[in-house]
Each structure stands twice: as C-alpha cells, then as structure tokens.
Amino acid sequence: MLVLSRKKNESIVINNDITIVVVEIRGDKVRLGVEAPKEVPVHRREVYDAIKRNESGQSATDASANLESE
C-alpha cells in the first residue's frame with residue numbers, strides 16, 4: 001500500500017484521469033473529493049462490499065435456478 005500525506009486542498013492523481021482531493025479535515029474525519037470519468041465506478045468500501053455480496057448471492061441464485069431447470 002502506498003501511503004501519502006496531503007493537506008487540505010492538495011490532491012493525488014491516479015492513472016492520469018482520476019483525481020482525489022482533500023476537501024476538508026475535521027477532527028478524525030477527512031472529506032475527499034473524487035474526480036473520475038463517468039464510466040469508472042467510485043464507491044465507499046462498505047457500499048462496494050454490499051454490491052459484491054449481492055452479486056455473489058445473485059450468481060448463486062442463478063446457478064441453482066439453472067440446476068433446477070435441467
């Protein structure tokens with residue numbers, strides 16, 4: 001893992017087309033702004049994990065439906 005230090009209004013660039021900006025620092029919370037192309041999904045980790053769990057459950061449901069139809 002690469003660890004970088006940034007101050008308010010400073011940013012990092014990923015792959016020439018994604019920019020992460022430190023918008024605000026308040027106590028132990030940091031607000032980040034993400035500029036990315038529309039086709040690049042950007043999610044908080046807990047949302048990403050929920051999407052993946054849902055996709056896994058959907059795949060399992062589809063697989064069992066296929067087995068039942070055979």
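View 1. Strands here are DSSP runs of E with at least two residues, helices are runs of H or I with at least four, and both are numbered from the N terminus. This is a predicted model, where local features need pLDDT of at least 70, side-chain atom pairs count only at pLDDT 80 or more, and totals for chains, interfaces and linings use all residues. Residues are numbered from 1 along each chain as its sequence is written, and side-chain values use heavy atoms, with hydrogens and water left out.

View 2. Of the 70 residues, 11% count as buried, where buried means under 20% relative accessible area, exposed means over 50%, and partly exposed is in between (1.4 Å probe, protein chains only).

**View 3. Three strands line up as an open sheet in the order β1-β2-β3.** The pairing is antiparallel, and two strands pair if DSSP finds at least two bridges between them. β1 and β3 are the edge strands, each pairing on one side only. From one strand to the next, the twist averages 25°; the axes behind such angles are lines fitted to C-alpha atoms (for helices, over the stretch in contact), and angles run from 0 to 180 degrees between N-to-C directions. In a regular strand the side chains alternate between the two faces of the sheet.

**View 4. β2 and β3 pair over 7 bridges.** β2 covers residues 18-26, and its pairing with β3 is antiparallel. Look for E24, whose bridge partner in β3 is R31. R26 has K29 as its bridge partner in β3.

View 5. A salt bridge is a side-chain nitrogen of Lys or Arg within 4 Å of a carboxyl oxygen of Asp or Glu. Side chains of opposite charge can pair when their charged atoms come close. E24 makes a salt bridge with R26, with the closest N and O atoms 2.7 Å apart. The side chains of E24 and R31 form a salt bridge too (3.4 Å, N to O). Shared partners join E24, R26 and R31 into one network. R26 is exposed, at 58% relative accessible area, and R31 is exposed as well, at 52%.

**View 6. R6 and E10 form another charged pair.** Their side chains meet in a salt bridge (3.5 Å, N to O), one of 6 in the structure. R6 is partly exposed, with a relative accessible area of 39%, and E10 is partly exposed at 29%.

**View 7. The largest pocket holds about 290 Å³ of space.** On a 1 Å grid over the protein atoms alone, a pocket is an open set of points with protein on both sides within 12 Å along at least five of seven lines, and lining residues have an atom within 4 Å of a point. The volume is the space filled by probe spheres set on the points, which are joined across faces, edges and corners. The lining includes I12, I14, V30, L32, V34 and H43. β3 gives the most, with 3 residues. By type, the lining divides into 7 nonpolar, 1 polar and 1 charged; Ala, Val, Leu, Ile, Met, Phe, Trp, Tyr, Cys and Pro count as nonpolar, Asp, Glu, Lys and Arg as charged, and the others, Gly among them, as polar.

Notes: On a 1 Å grid over the protein atoms alone, a cavity is a set of points where a 1.4 Å probe fits but cannot get out, and a pocket is an open set with protein on both sides within 12 Å along at least five of seven lines; lining residues have an atom within 4 Å of a point.
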